[in-house]
Amino acid sequence: MALDRGPGMAVMVISWCMTLHTMWLLIQLHESTPGIRFDRYIDLARHTFGPRLGPWIVLPQQMIVIVGCNIVYMVTGGTCLQKFIEMVCTDCTRLRHSYWIIIFGSTHFLLAQLPDFNSVSGDSYSTIAWAGSLSKGRQPDVSYAYKKTSGADSIFRVFNALGQISFAYAGHAVALEIQATIPSTLEKPSKVAMWKGAIGAYFINAICYFPVAFIGYWAFGQDVTDNVLVALQKPSWLIAAANLMVVVHVLGSYQVFAMPLFDLMEKGVMKKLKVSSGIPLRLLVRSSYVALTLFVAVTFPFFGDLLGFFGGFGFAPTSYFLPSIIWLILKKPKRLSTQWLVNWVGIFIGVFIMLASTIGGFRNIIADSSSYEFYQ
């Protein structure tokens, strides 16, 4: 990540605070109109921007979040599966990286046919990542200086890093859908329980993932990899277990993110082609989607660059500034009030992150692909 030293840490903390604020906005907006619950992001968008404009503002961003997550999960799952097998079977034949992505991705052709799939969650591997970095200690030749490169390249790497940070906050895209599952009454509105859950989740994620970034950078400096677990070797059994945890985690997460899109695609095909739901439709639609995300993941397995590109292009709008825009339109806070200022500052920062990280991620994908042997 190009955002090293103090500025990088500051950006991570600021992003955490900004997205926690916009999460609070979404939770409050869920029942902002008496008697109406906006159970989906698109419902809130229709109410705010109108029935025609609303879906065009929110739905494409949600689709980018879903597809972007699924592509990155393909790369992550294949990479960690490769690391796991190579650590537990040192005498096994070494396969190409792309083969491992295909092996991991192939499981989803079967899993995608399930009518429902619960999330497989767990942050144990993050603890192993930072604890492993800490036990490894600071490397003797570690350098915290900026990498020697051109000024333009450094700027693009910083832009890409902004997108990588944005990618960490994907929950906003499905926050309203989650809150819709919580019972709500006048005495006990859903926003109370939802906010408690959001606060807990944010602090747990901070405790789990901030040390990975900070301690990983302390141990490896400018040579820290996108996936810290890949750089660790000892204790081998623990690092292998952590990589396996990642595989299991993204195996379930892929399906959880893909399910809303599966439903949308199937309904669209049924409406357009006048066909009924069933196994043939599910097999065709879902297998086609899995094949598409697998193809992109195998073709462009640039983990960090994908994070930056999708993080800026899709995640920044849904997580950083769309909630603030909706809040200003619906709540109309007093001009120059604290709420007015905080939301406008968030909008400007969010738009900058979206533009900068999209450009940085796309540029880095092109730059890395020029020195990459495809399907290696």
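Is Asp43 buried, partly exposed or exposed? Asp43 is partly exposed, because its relative accessible area comes to 22%, and anything under 20% would have counted as buried. Keep in mind as you look around that this is a predicted model.

**Salt bridges**

Let's stay with Asp43 for a moment. Asp43 pairs with Arg40 in a salt bridge, and the closest N and O atoms of the two sit 3.5 Å apart. Arg40 is partly exposed too, with a relative accessible area of 41%. As background, side chains of opposite charge can pair when their charged atoms come close. In this model the count of salt bridges comes to 6. Here are three of them, side by side.

| Salt bridge | Closest N and O atoms |
|---|---|
| Asp43 with Arg40 | 3.5 Å |
| Asp263 with Lys267 | 3.3 Å |
| Glu266 with Arg286 | 2.7 Å |

Now for the Asp263 pair. Asp263 and Lys267 both belong to helix 10 (residues 236-273), and they are 4 residues apart, which means about one helical turn separates them. Asp263 counts as partly exposed, at 37% relative accessibility. Lys267 counts as exposed, at 51%, and the cut-off for that label is over 50%.

**Helix 3 and helix 11**

Helix 11 turns up again in a helix pairing. Two packed helices are described by the angle between their axes and the distance between the axes. For helix 3 (residues 53-88) and helix 11 (residues 279-299), the axes come within 9 Å and cross at roughly 60 degrees. The two helices are therefore oblique to each other, and helix 3 passes helix 11 in a right-handed crossing.

Which residues meet there? From helix 3 come Ile66, Val67, Asn70, Ile71, Met74 and Val75, and on the helix 11 side they meet Tyr289, Val290, Thr293, Leu294, Val296 and Ala297. Sort the residues of this contact by type and you get 10 nonpolar, 2 polar and no charged.

**Two loops to look at**

Next, find His30, in the loop between helix 1 (5-29) and helix 2 (41-49). His30 counts as buried, because its relative accessibility is 0%. What does His30 touch, leaving out residues up to four places away in sequence? Its contacts are Ile36, Arg37, Phe38, Asp39, Leu176, Gln179, Ala180 and Ser190.

The other loop runs between helix 12 (303-331) and helix 13 (338-370), and Lys332 is in it. Phi of Lys332 is near 45 degrees, a positive value in a residue other than glycine. Leu336 has its place in the loop between helix 12 and helix 13 too. Its phi is near 70 degrees, again positive in a residue that is not glycine.

Are Lys332 and Leu336 buried or exposed? Lys332 counts as exposed, with 61% relative accessibility, and Leu336 counts as exposed at 57%.

Terms used:
Residues numbered from 1 in each chain as written. Predicted model: local features only at pLDDT ≥ 70, side-chain atom pairs only at ≥ 80, totals over all residues. Heavy atoms only, no water. Axes fitted to C-alpha atoms, helices over the stretch in contact; angles between N-to-C directions. Parallel < 35°, antiparallel > 145°, perpendicular 65-115°, else oblique. Left-handed = near helix turned anticlockwise from the far one by under 90°. Contact = heavy atoms within 4.5 Å. Nonpolar A, V, L, I, M, F, W, Y, C, P; charged D, E, K, R; others polar. Salt bridge = Lys/Arg side-chain N within 4 Å of Asp/Glu carboxyl O. Buried < 20%, exposed > 50% of the residue type's maximum accessible area, 1.4 Å probe, protein only.
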